[in-house]
Amino acid sequence: MEKWACTICGYVYSPEIGHPKSGIKKGTKWEEIPEDWTCPLCAVGKDEFEKLEKTEK
């Protein structure tokens, strides 16, 4: 699953974990998170997040 990082504070959203404190259940894809959701650390909107590239070893 794709992970997304806040470009302001560095918080990483992982669908495998979700964010239960803000109502985002485990397994929720980035596209399924409401547009008005904000970063749990710095409160910026989804538009301040960037998809992390997968690194293969």
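Tutor: Start with a polar contact (a pair of N or O atoms within 3.5 Å; within protein, one must be able to donate a hydrogen and the other to accept it, and residues adjacent in sequence count only if both atoms are side-chain atoms). A polar atom of the K46 side chain lies 2.9 Å from the backbone oxygen of I33. This is a predicted model, in which local features need pLDDT of at least 70 and side-chain atom pairs count only at pLDDT 80 or more, while totals for chains, interfaces and linings use all residues. Residues are numbered from 1 along each chain as its sequence is written, and side-chain values use heavy atoms, with hydrogens and water left out.

K46 sits in the loop between β2 (12-13) and β3 (49-51); strands (E, at least two residues) and helices (H or I, at least four) are DSSP runs, numbered from the N terminus. Its relative accessibility is 8%, so K46 counts as buried. Buried means under 20% relative accessible area, exposed over 50%, and partly exposed in between (1.4 Å probe, protein chains only). Apart from neighbours within four places in sequence, K46 is in contact (heavy atoms within 4.5 Å) with W30, I33, P34, E35 and W37.

One of these, W30, has K46 over its face, at 4.9 Å from the ring centre. The criterion for a charge over a ring is NZ of Lys or CZ of Arg within 6 Å of the ring centre and within 35 degrees of the ring normal. W30 is itself buried, at 8% relative accessibility. With neighbours within four places in sequence left aside, W30 is in contact with W4, Y13, W37, K46 and F49.

The structure holds 7 aromatic pairs. Rings of Phe, Tyr and Trp (its six-membered ring) pair if their centres lie within 6.5 Å; planes under 30 degrees apart count as stacked, over 60 as edge-to-face and the rest as tilted. The pair of Y13 and W30 is tilted, with 5.8 Å centre to centre and 50° between the planes. Y13 lies in strand β2 and W30 in the loop between β2 and β3, so this pair ties together parts that are 17 residues apart in sequence. Y13 is buried, with a relative accessible area of 0%. Y13 and W37 form an edge-to-face pair, 6.1 Å centre to centre and 65° between the planes. Because W37 lies in the loop between β2 and β3 and Y13 in strand β2, the pair joins parts 24 residues apart in sequence. W37 is buried too, with a relative accessible area of 6%.

W4, Y11, Y13, W30, W37 and F49 form one aromatic cluster. The largest nonpolar core is made up of 11 residues: W4, C6, Y11, Y13, I24, W30, I33, W37, C39, V44 and F49. Such a core is a set of buried Ala, Val, Leu, Ile, Met, Phe, Trp, Tyr and Cys residues joined through side-chain atoms within 4.5 Å.

As for the strands, an open sheet of 3 has the order β2-β1-β3, with antiparallel pairing. Two strands pair if DSSP finds at least two bridges between them. The edge strands are β2 and β3, each pairing on one side only.
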